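Work through the exercises below with the sequence and the model open. Each task is followed by a solution in steps.

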Amino acid sequence: MCGDRTEVNGTNGTTATPTLGGKPLHQRSPYESVGDFLSNVNNFKIIESTLREGEQFANAFFDTETKIKIATALSDFGVEYIELTSPVASQQSREDCEAICKLGLKSKILTHVRCTMEDAKIACDTGVDGVDLVIGTSSFLREHSHGKDMLAIEKAAIEVIEYVKSRGVEVRFSSEDSFRSDLVDLLQLYRAVDRIGVNRVGVADTVGCATPRQVYDLVRTLRGVVSCDIEIHLHNDTGCAIANAHAALEAGATHIDTSVLGIGERNGITSLGGLMARMMVGSREYVMSRYKLHKIKEIEDMVADAVQINIPFNNPITGFCAFTHKAGIHAKAILANPSTYEILKPEDYGLNRYVHFASRLTGWNAIKSRVEQLGLSMTDAQVKEVTAKIKQMADIRPLAIDDTDSIIRSFHLELQQK
């Protein structure tokens, strides 16, 4: 295993500290991925597609001002690429693309177009840093979308890629519906475009049918066929998008497509915040060095408002329950050491944890903490007594924080009057 060793001193035979991935074992997180020479879990780039895939979300309508705000926020967050709707889609889409290209953002600007010479020329004329070409390769799309066979697809791909390269911009070529395409056809096509110097090839789980194992196997196989970068685009129809993205990186993918809150066609794609949560567990140092995590909530609030949706309660990081602890056993441990029940740290995202104490499930440790927050003084025995009163009331009806505080204050007043 690459990077795993136990060093032995050659002169006296003493054993040095065992290491894994260059770190002493005692310093490693137990959740870090055990990488090999193909893995990119500590070396990946984000292609943020809220302004392309996200615009396909049912509720989405981004005017120019909103697009500029979102693009600026994403660039400030640290994403390496921002992908925009095809300038061929409409006149306004073209004007918006040109306007964002002129902002001078730190992120590179891409646009996503069909693999045709006409689309490629218009895309290059907008001033983008890169053009993302796509064409369907599954039997479903070849028959019912564009009608081309694999030979025609390869010929068109080579012609358009060479044109885009001649314009001096990055070019990615992606199959569409990759996981329902014939593997031999797919690999032959990717090998052909790799030979002529494409910057990236793309793998797309267009209908969200793939499992992490299938993603890993396809990307790992592809990694042995092409020398260029590998981008992956994963839909979330069956709930696997984030897990599939991690599997792709383990297998050698280099670029992950995301959108804010995962918005996109149907159930959308890998969410930016969800990917950050997943990667923070095993690749914390890399993620912290590249992305301004405290800006996630601001960006998600902006996009949620723009598309008129609420952020789900169980959304990674920013869901209102994400760092809330309710059960008495949990609360006791959290108050002693947050890592007992938190794999992510709310402070990394500029957020706070909350210990829920206004319910029948509350424990006396949570109430003791609340007593201290209220500036009151009670013995442990007294805290346990007032906790019992809170539980009795919570068995009758739901309690608000003010209700619980009122019970605590009344009990404390009675103690003072005795």
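**Exercise 1.** Leaving aside its neighbours within four places in sequence, with which residues is arginine 370 in contact?

Solution. The structure is a predicted model, in which local features need pLDDT of at least 70, side-chain atom pairs count only at pLDDT 80 or more, and totals for chains, interfaces and linings use all residues. Residues are numbered from 1 along each chain as its sequence is written, and side-chain values use heavy atoms, with hydrogens and water left out.

Step 1. Contact means heavy atoms within 4.5 Å. With neighbours up to four places away set aside, arginine 370 touches Phe357, Ile401, Asp405 and Ile408.

Step 2. Arginine 370 sits in helix H13; helices (H or I, at least four residues) and strands (E, at least two) are DSSP runs, numbered from the N terminus.

Step 3. Buried means under 20% relative accessible area, exposed over 50%, and partly exposed in between (1.4 Å probe, protein chains only). Arginine 370 has a relative accessible area of 17% and is therefore buried.

Step 4. From arginine 370 to isoleucine 408 the sequence separation is 38 residues, and the C-alpha atoms are 8.9 Å apart.

**Exercise 2.** At roughly what angle do the axes of helix H13 and helix H15 cross, and which residues make the contact?

Step 1. The axes of H13 (residues 364-373) and H15 (residues 401-417) cross at roughly 80 degrees and come within 11 Å. Axes are lines fitted to C-alpha atoms, for helices over the stretch in contact, and angles run from 0 to 180 degrees between N-to-C directions.

Step 2. Angles under 35 degrees count as roughly parallel, over 145 as roughly antiparallel, 65 to 115 as roughly perpendicular and the rest as oblique. H13 and H15 are therefore roughly perpendicular to each other.

Step 3. H13 contributes Ile367, Arg370 and Val371, while H15 contributes Ile401, Thr404, Asp405 and Ile408.

Step 4. Sorted by class, this contact of H13 with H15 holds four nonpolar, one polar and two charged residues. Ala, Val, Leu, Ile, Met, Phe, Trp, Tyr, Cys and Pro count as nonpolar, Asp, Glu, Lys and Arg as charged, and the others, Gly among them, as polar.

**Exercise 3.** Which residues touch the most other members of the largest nonpolar core?

Step 1. A nonpolar core is a set of buried Ala, Val, Leu, Ile, Met, Phe, Trp, Tyr and Cys residues joined through side-chain atoms within 4.5 Å.

Step 2. The largest such core has 89 residues, and Phe173 and Met276 touch the most other members.

Step 3. Not counting residues up to four places away in sequence, methionine 276 touches Phe44, Ile46, Phe77, Val287, Tyr291, Leu293, Ile296, Ile317 and Tyr349.

Step 4. A second, separate core has 20 residues, among them Val371, Leu399, Ile407 and Ile408.

**Exercise 4.** Which residues of helix H8 are buried, and what covers them?

Step 1. Eight of the 11 residues of H8 (residues 241-251) are buried, so this helix is largely enclosed by the rest of the structure.

Step 2. The buried ones are Ala241, Asn244, Ala245, His246, Ala247, Ala248, Leu249 and Ala251.

Step 3. Their cover includes E9, H7, strand E10 (229-234), strand E11 (255-258) and helix H9 (272-282).

Step 4. Glycine 252 follows H8 and has a positive phi, near 120 degrees.

**Exercise 5.** Is aspartate 177 buried or exposed, and is glutamine 308 buried or exposed?

Step 1. Most residues other than glycine have a negative phi. Aspartate 177 has a positive phi of about 60 degrees although it is not a glycine, and glutamine 308 likewise has a positive phi, near 60 degrees.

Step 2. Aspartate 177 lies in the loop between E8 and H6, and glutamine 308 in the loop between helix H11 (296-306) and E12.

Step 3. Aspartate 177 is buried, with a relative accessible area of 2%. Glutamine 308 is exposed, with a relative accessible area of 69%.

**Exercise 6.** How many helices and strands are there in the protein chain?

Step 1. The chain has 15 helices and 13 strands.

Step 2. Of its 418 residues, 49% are buried.
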